[in-house]
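Hello,

Here is the structure I promised to pass on. Please open it first, then read my notes below.

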Amino acid sequence: MRIFALELDNDIKGLEERKEYIESLISRLPSPDLVLLPELAMCSYLPNQQVWAYADNNSKATSEWAMKMATRYKTFIGTGYIDCENGDYYNRYLIADGKQV
């Protein structure tokens, strides 16, 4: 099993920019079975309330992106992100396998 844990550049801000950057890293991996991204990978690690501006809504966008990446690169993707559910914020992690439920 080929497992890759990626360390990311936290200077890259913005969700779309982060997604493009992360995919550029994943695309260079040689046949990964599992790709693990760090805590708050999607929004870049911000140790304050500014991170809330990057919150997902009930994990929808993050899970869709992770499923797309897992399908495209035939791997499992684990990623950390900030989520907002019922007005509360959570530091979450998910693992996607590319299969629709």
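Is Lys19 buried or exposed? Lys19 counts as buried, because its relative accessibility is 14%. Buried means under 20% relative accessible area, exposed means over 50%, and partly exposed lies in between (1.4 Å probe, protein chains only).

Two notes on reading the model. It is a predicted model, so local features need pLDDT of at least 70 and side-chain atom pairs count only at pLDDT 80 or more, while totals for chains, interfaces and linings use all residues. Residues are numbered from 1 along each chain as its sequence is written, and side-chain values use heavy atoms, with hydrogens and water left out.

Salt bridges

Side chains of opposite charge can pair when their charged atoms come close. A salt bridge here is a side-chain nitrogen of Lys or Arg within 4 Å of a carboxyl oxygen of Asp or Glu. A search of the whole structure finds four of them.

Lys19 pairs with Glu16, at 3.7 Å from N to O. Both sit in helix α1, three residues apart, so about one helical turn separates them. Helices (H or I, at least four residues) and strands (E, at least two) are DSSP runs, numbered from the N terminus. Glu16 is partly exposed, at 49% relative accessibility.

Arg92 takes part in two bridges. Its side chain meets Asp83 at 2.5 Å, N to O. The side chain of Arg92 also meets Glu85, at 3.0 Å, N to O. Asp83 is buried, at 0% relative accessibility. Arg92 is partly exposed at 24%, and Glu85 is partly exposed at 27%. Shared partners join Asp83, Glu85 and Arg92 into one network.

The nonpolar cores

A nonpolar core is a set of buried Ala, Val, Leu, Ile, Met, Phe, Trp, Tyr and Cys residues joined through side-chain atoms within 4.5 Å. The largest one has 21 residues. Leu6, Leu8, Ile22, Val35, Leu37, Trp65 and Ile77 touch the most other members. Helix α2 gives the most, with five residues.

Look at Ile77. Its contacts (heavy atoms within 4.5 Å) include Ile26, Val35, Leu37, Ala66 and Met69, leaving out residues up to four places away in sequence.

There is also a second, separate core of five residues. Among them are Leu40, Leu46, Val51 and Ile82.

Thr75 lies in the loop between α2 and β4. Thr75 is buried, with a relative accessible area of 4%. Its side chain reaches the backbone nitrogen of Leu34 at 3.3 Å. Thr75 also touches other residues, including Pro32, Asp33, Ala70 and Asp97.

Phe76 is in strand β4 (residues 76–85). Phe76 is partly exposed, at 40% relative accessibility. Phe76, Tyr93 and Ile95 form a nonpolar surface patch, with about 310 Å² of accessible area together. Areas come from the Shrake-Rupley method with a 1.4 Å probe, and for residues only the protein chains shown count as cover. Patch residues have over 30% relative accessible area and no salt bridge; like charges are joined within 9 Å, and nonpolar side chains (Val, Leu, Ile, Met, Phe, Trp, Tyr) within 5 Å.

Best wishes

Note on methods:
A polar contact is a pair of N or O atoms within 3.5 Å; within protein, one must be able to donate a hydrogen and the other to accept it, and residues adjacent in sequence count only if both atoms are side-chain atoms.
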